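The sequence and model are shown first.

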Amino acid sequence: MPTKIRLQRKGKKGLPFYHVVIADGRAPRDGKFIERIGIYNPVTKPAEIDIKFDRALYWLQAGAQPSDTVRALLSSKGILFKYHLLKGVRKGALTEELAEAKFEAWLKEKQEKHLNSIKEASLSDKDAQKKRLAEEAKVNEARAKELAAKRAKEIAAMHKAEAQEEEAAAEPVAKVVAVAEEAVAEAEPVAEAVAVAEEPVVVAEPVAEVVAVAEEAVAEAESVAKVVDVAEVPAAAEPVAEEVVVAEEPVDEVEAAVEDVAVAEEPAAETEPTAEETEEEKA
């Protein structure tokens, strides 16, 4: 079998990396090879392709057959185009100078395309990154709004619970205040009645003093009356009669005072229960 130009796989699982090798067509893919002329890394963007131009052109001229993937790689690097130009020079269809000029023009155009593709890839990456950042910003904003709404609900619920607790704590106080107000309202008539009942007692105190003075005067009058009875004896008529007249004047004054005291004692008697009333209440 002829010699082949093919890829030999290297790298880890999911991260392939290839060597471009010259190997016998009967050898296994990852077996022995004659020469390694380059590398190919499809993971990077753009893909990394590094092939020895002169050695690849030599093996093509020697009859080595590239695999489909290697053919695409050689075409992207201009190796196949240079091989065809050299074939035309050997046949006499082209001169070496013309073939070299065509190859330089093609290589320049290829490089420009490659650079443009790199720029487009970078721009697309930047655009994709901007879009991704904008989407992330939208997601973050929506998430922040949700968190703010949730926090506002929690705060409202907390305030509501505090208000309910305050109302629950204020209910017993309100009940006590209401009971106290009712007690005060009920006590006002009683206080007025007590005040009215105390007034006659206050009036009766000076009356009691007058009564005591009157009783003293009555006692004196009785003693004077006894003296008068003794003075009525005829033996000492005139001098004693004068004394009796003088002594009787205070008696009249005392009797008038006693009548005033009796009138003043009437309210006190009304306020103080009699012995009979007390016995009836006990019964």
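## Surroundings of Ile-5

Leaving aside residues up to four places away in sequence, Ile-5 touches Val-20, Val-21, Ile-22, Ile-37, Trp-59, Leu-60, Ala-64, Gln-65, Pro-66, Ser-67 and Val-70; contact means heavy atoms within 4.5 Å. The model is predicted, with local features needing pLDDT of at least 70 and side-chain atom pairs counting only at pLDDT 80 or more, while totals for chains, interfaces and linings use all residues. Residues are numbered from 1 along each chain as its sequence is written, and side-chain values use heavy atoms, leaving out hydrogens and water.

Thr-69 is 64 residues from Ile-5 in sequence, and the two are 9.8 Å apart in space, C-alpha to C-alpha. Thr-69 belongs to helix H2 and is partly exposed, with a relative accessible area of 40% (buried means under 20% relative accessible area, exposed over 50%, partly exposed in between, with a 1.4 Å probe and protein chains only).

## Overall layout

The protein has six helices and five strands, which follow the order β-β-β-β-α-β-α-α-α-α-α from the N terminus. Both kinds of element are DSSP runs numbered from the N terminus: helices are H or I with at least four residues, strands are E with at least two.

Of the 283 residues in the protein, 19% are buried. Among contacts between residues at least 6 apart in sequence, 39% join residues at least 24 apart.

## Nonpolar core

The largest nonpolar core contains 19 residues, and those with the most contacts inside it are Ile-5, Leu-7, Val-20, Ile-37, Ile-51, Leu-60 and Leu-74. Such a core is a set of buried Ala, Val, Leu, Ile, Met, Phe, Trp, Tyr and Cys residues joined through side-chain atoms within 4.5 Å. At least two residues of this core come from each of strand E1 (3-12), strand E2 (15-24), strand E3 (35-41), H1, helix H2 (68-76) and H3. H1 supplies the largest share, four residues.

## Packing of H1 and H3

Helix H1 (residues 53-61) packs against helix H3 (residues 79-91) at an angle of about 50°, with the axes 10 Å apart. Axes are lines fitted to C-alpha atoms, for helices over the stretch in contact, and angles run from 0 to 180 degrees between N-to-C directions. H1 is therefore oblique to H3 (under 35 degrees is roughly parallel, over 145 roughly antiparallel, 65 to 115 roughly perpendicular and the rest oblique).

From H1, Phe-53, Ala-56, Leu-57, Leu-60 and Gln-61 meet Ile-79, Leu-80, Lys-82, Tyr-83, Leu-86 and Arg-90 of H3. By class, this contact has eight nonpolar, one polar and two charged residues; Ala, Val, Leu, Ile, Met, Phe, Trp, Tyr, Cys and Pro count as nonpolar, Asp, Glu, Lys and Arg as charged, and the others, Gly among them, as polar. Lys-82, in helix H3, counts as buried because its relative accessibility is 14%. Not counting residues up to four places away in sequence, Lys-82 touches Phe-53, Leu-57, Glu-100 and Phe-103.

## Two glycines

Gly-63 lies in the loop between H1 and strand E5 (65-66) and, at 35% relative accessibility, counts as partly exposed. Gly-63 and Lys-4 are 59 residues apart in sequence and 8.7 Å apart in space, C-alpha to C-alpha.

Gly-11 is in strand E1 and counts as exposed, at 52% relative accessibility. Between Gly-11 and Asn-41 the separation is 30 residues in sequence and 9.6 Å in space, C-alpha to C-alpha.
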